[in-house]
Structure formats: C-alpha cells, structure tokens
Amino acid sequence: MSSPFMKLWGMPILLGILTVIGLLSALFGDGVWDALSAVTLGVPVAVGAWFSLRRKRH
Amino acid sequence: MSTQSLRWWSWIHKWSSLVCTAFMLLLCLTGLPLIYHHEIGHLLGNDVEAPALAPDLQANPPRANLDDVIASAKALYPNKIMMYMSQELDEPAIWNVTLGDHPNDEHYKPIAVDARTAKVITEPAFEGGAFMSTMLRLHVDMFAGLPGMLFLGAMGLLLIVAIVSGVVLYAPFMRKLDFGTVRHERSTRLKWLDLHNLLGIVTLVWALVVGATGVINTLADVLLKVWQSTEIAAMIEPYKDARPLVRMASVDAAVKTAMAAEPGMQVGFIAFPGTPFASPHHYGVFMHGDQAFTSRLYKPVLIDAGNGSITDRRELPWYLTALLVSQPLHFGDYGGGWMQFLWAVLDVATIVVLGSGLYLWVKRGRRARAEARQEHGQKAPAVQPVLARSGGER
C-alpha cells in the first residue's frame, strides 16, 4: 500500500474483487457458496457504513 | 490528469447523471420493495401455500395428471384459454397456471393448482396485489409498455456512463486523502462530496452489475422477438401451411415425452400454443436443471400440440442464456436472506449517492453564480482549475 497508486486504488480494487466473488459464488452453488457470497458482499457494505457513519474525535 | 481532460470528464459525469438521476431514484425506490416481494406478499396475505396432505399421502405425495390440473383451472374460466403453467423448483406441490382471453392477454388470470390433487388452491392476487403490481410496473416500464422499457434501458446506459466517469473523477478528488475520509468539520458540501465519493466507490461494482443486467432485461421482449423470428420459425418451418388445431393432444403425455427426451431435467414452464414461447401448433416445454446454476438455463422442447410428438429441441441461443443469467444478478434473489438484505442496503447506498450528487450539483451551481457575480467588474476571471473549485480549499 506504499505506492501512490495503491494508496489511491488499493481499497477500491479489493472491494471490487470481493463484490465480484460475492455476486458469482451464490450463482454457482447453494449453502456454503451463499455464505461466501454474504461475507464477500458484506465487506464493501460494512466498509461503506463504517467510514460514512464514524466521526473522528478531535 | 490535465485540466482539459478533467473538465471533459466532469462534463460527462454531470450530464450523464443529471439526465438519468430522476429515473434512477424511481428505480431504486420501486426496486426496494421488489427485493422483498415474497416477504411482502406473505405479510399482505397474498402468497400461496399448498394445503397439507392427508397423513397417509404425506410420505409419498401423488403427482396429479397435468390434464386434470388444467381442467380444474379452466373450470373457473371456461371461456379462457391456457397461456402458461409453471412450477418453482422449491415448491413442487403447486402449479401456477395462467389463463387469458388470447395467448398474449396482459390481463391474464393467475390460478394456483395443487400439483398433487389437481384441486384449485386459490386465485393469487394479480402480480402480488395492487401495491406490488404498481411497484413492478413503475420499475419495469413506467406503465408505458415496450417504449417505456427501452427508455429505462437507455437511462441505465447513462447510469453506466455516469459510474465510469465517476470512477475517473475519483482519482483527482481522492489523491491527497486517505480512503474513506469524510470531512465532517469543514462544510456540509464537502462532507457530502466525500460521502458521494466513498459510497460511490464502495457500491461501484454492484451498481455496474445491477445497472448492466437491468439494461439487458429491458431488451427481453426484443430478444424474444428475435428468437421467435429465427430459431422458433426454423423449428416450425414444416408447419407453416398447417391448418389451425382442432383437438389438442394431452399435455400430460407431452410433458412425459419431453422428460424422457431430456433425462435429469425438470419442467420449468409449459407455454401453450400461440404464446411467445411456443408456436401456434406447439406446446413449448421448457426444461431446466435443478442445481443453482443449471436451474437458470432452459432448454425448450417443442411438442406438436396436435399429435403429442417432439418436433424439435435445441439449446437456447446465447443471447437468451445471457438474459436468463443476467436476471438473478439484477434481482439479487439467488443467495438467500443475507443477499436480499445486502441488496437492500446497497440500493439505499445508491439512493444516497444519487441524492448527494444532485445536492452537489445544486450547491455548485449556486456557488459558481455567486463567484461570477463577485468577479464581475474586477479583473477578468482567470480560468480556475476545476479541482480548485471542487476540492477542499474552502
């Protein structure tokens, strides 16, 4: 995460890959695949909620 | 990025979003209840449940003859004709039958028939009741039929343009900031700019996929027409001079024939003669697999509705397969309750992105006018770098 490119794009790329895994895994199977999908799709949602709702203490 | 290209991308982002935002808000708002249409149907008492069988039958439930199932449904509306009958993979005890005045009747009558006893269970509310039906129609075509559908498809394309240009603009805005920075303390506008960027980039892939699959879905009618005029037309070529059907062959026998021809597959739905999924002389028996992915892929078996023999069977063309695979990715109905919930949260996040985008545009327009007034009469305004205007200096 040290290069300027990764500082800017590292997180968006990671969240994008997780979203793709989440969208595809449930398509190809049930049970464990649905659970994997819930976790991988859940991460971007959690990250979005965390950063938009937190308030930095001064 | 040069100032010039930044201006260009800003212009694309602004106008692609502005044109589609109102419609995207409509789609997000109406889509929200549609994610939970099963649960809402249950709450409203509109869902259909098969009655419990007598104890001696429960262990080995019978399968009713399909011709009896059809006869029960038609007894309610003797003057209507069969359009479709279908079955959900997880509810083999119910046949969903639709009857209409003609094969393309938009005001069809849905009837749920017990697949074990051939008794009518109920007449379910049309499209899940007045509320859900309104949501669905607003979401699909705004009550404007095919033109409405295609229009929303065009708006979906603009959304994709807006998302892509938004990603391009993410870089210059966020270069100096850590991921997820939300500057609460500076100004309301800056806070919403940061939230817009954060939620936009977090929902990026989901919004692209749901947007693109939505656009594909708007082409459903067109793709079906193409399929009818090419593949179906070729399959029924020998029937082009055939006389209209007088007596229909047994549907039960037709389905047994289709199942024997495609072992290991289940019947998804049966299209009756004259509907877009059949021909005037055929039953279209649409078989599908029973696994998560194969259940999305259909294989049509065309059965001569006069004598019950197989006319043809083929794989679906790639564009209909693409349509069928794109549907779950749009609906979010393939991964259980957690997926539904995440779909709803992402939908709400998208509403926030749309709303904040609109807010930023209004604010920026006001400020630009105020600046223009201030600078009027002073020295000619130097061309300000776009970033200086939109960034965090104030």
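Tutor: Two residues are in contact if their C-beta atoms, placed from the backbone, lie within 7 Å. This is a predicted model, in which local features need pLDDT of at least 70, side-chain atom pairs count only at pLDDT 80 or more, and totals for chains, interfaces and linings use all residues. Residues are numbered from 1 along each chain as its sequence is written, and chains are lettered from A in the order in which they are written.

Student: Which residues does B:M24 touch?

Tutor: Leaving out residues up to four places away in sequence, B:M24 touches B:M155, B:L159 and B:L354.

Student: What makes a set of residues a nonpolar core?

Tutor: Its members are buried Ala, Val, Leu, Ile, Met, Phe, Trp, Tyr and Cys residues joined through C-beta atoms within 7 Å. Buried means that 20 or more other C-beta atoms lie within 10 Å of a residue's own. The largest such core has 38 residues, and B:M24 and B:V202 have the most contacts inside it. With seven residues, α12(B) gives the most to this core.

Student: How many residues of chain A count as buried, as a percentage?

Tutor: The share is 24% of the 58 residues. In α1(A), the buried residues include A:M11, A:P12 and A:L15.

Student: Why is chain A called more spread out than a compact globule?

Tutor: The globule rule is 2.2 Å times the number of residues to the power 0.38, and the radius of gyration is taken over C-alpha atoms. For 58 residues the rule gives 10 Å, whereas chain A has 14 Å, well over that value, so chain A is more spread out than a compact globule. Its C-alpha atoms fill a box of roughly 45 × 25 × 10 Å along the principal axes.

Notes
A residue is buried if 20 or more other C-beta atoms lie within 10 Å of its own, exposed if 12 or fewer, and partly exposed in between; C-beta atoms are placed from the backbone. Helices (H or I, at least four residues) and strands (E, at least two) are DSSP runs, numbered from the N terminus.
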